[in-house]
Amino acid sequence: MALLMSGAMSFAMTLIQLDVEAFIGFLLAWFTAWGISFAVALPVTFMINPVVISIVKSLTRSSLAKEPLMKKPRHD
């Protein structure tokens, strides 16, 4: 996910900064920017992921406690 997200962001940022006619130069600059942004995005993803998971669990814990996701099968 971090790979695709950083690629899309660096593509857009680099395209805004360059002239469209310099497409080859754009691609080289984009791949350079993508490499740098991925190197930043990957460790940030690893650091933020536990925080996001705990926030989601705390927000969903009360609703899950009231109603189970799956009902237990009855064995009559």
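In which helix is Ser10 found? Select helix H1, residues 2-17, and you'll have Ser10 in it. Helices here are DSSP runs of H or I with at least four residues, strands are runs of E with at least two, and both are numbered from the N terminus.

Before moving on, a quick note: this is a predicted model, where local features need pLDDT of at least 70 and side-chain atom pairs count only at pLDDT 80 or more, while totals for chains, interfaces and linings use all residues. Residues are numbered from 1 along each chain as its sequence is written, and side-chain values use heavy atoms, with hydrogens and water left out.

Stay on Ser10. Its relative accessible area is 0%, so Ser10 is buried (under 20%; exposed is over 50%, partly exposed in between, with a 1.4 Å probe and protein chains only). Now show its contacts, meaning heavy atoms within 4.5 Å: leaving out residues up to four places away in sequence, Ser10 touches Trp30, Ala33, Trp34 and Ser37. Look also for the backbone oxygen of Gly7, which the side chain of Ser10 reaches at 3.2 Å.

Next, select helix H2, residues 23-66, and pick out Ala41 there. Ala41 counts as buried because its relative accessibility is 10%. Beyond residues up to four places away in sequence, Ala41 touches Ala2 and Ser6. Then try Met1: Ala41 is 40 residues from Met1 in sequence, yet their C-alpha atoms are 9.5 Å apart in space.

Finally, zoom out. The protein has 2 helices and 0 strands, and 12% of its 76 residues count as buried.

Key. Polar contact = N/O pair within 3.5 Å; in protein donor to acceptor, adjacent residues only side chain to side chain.
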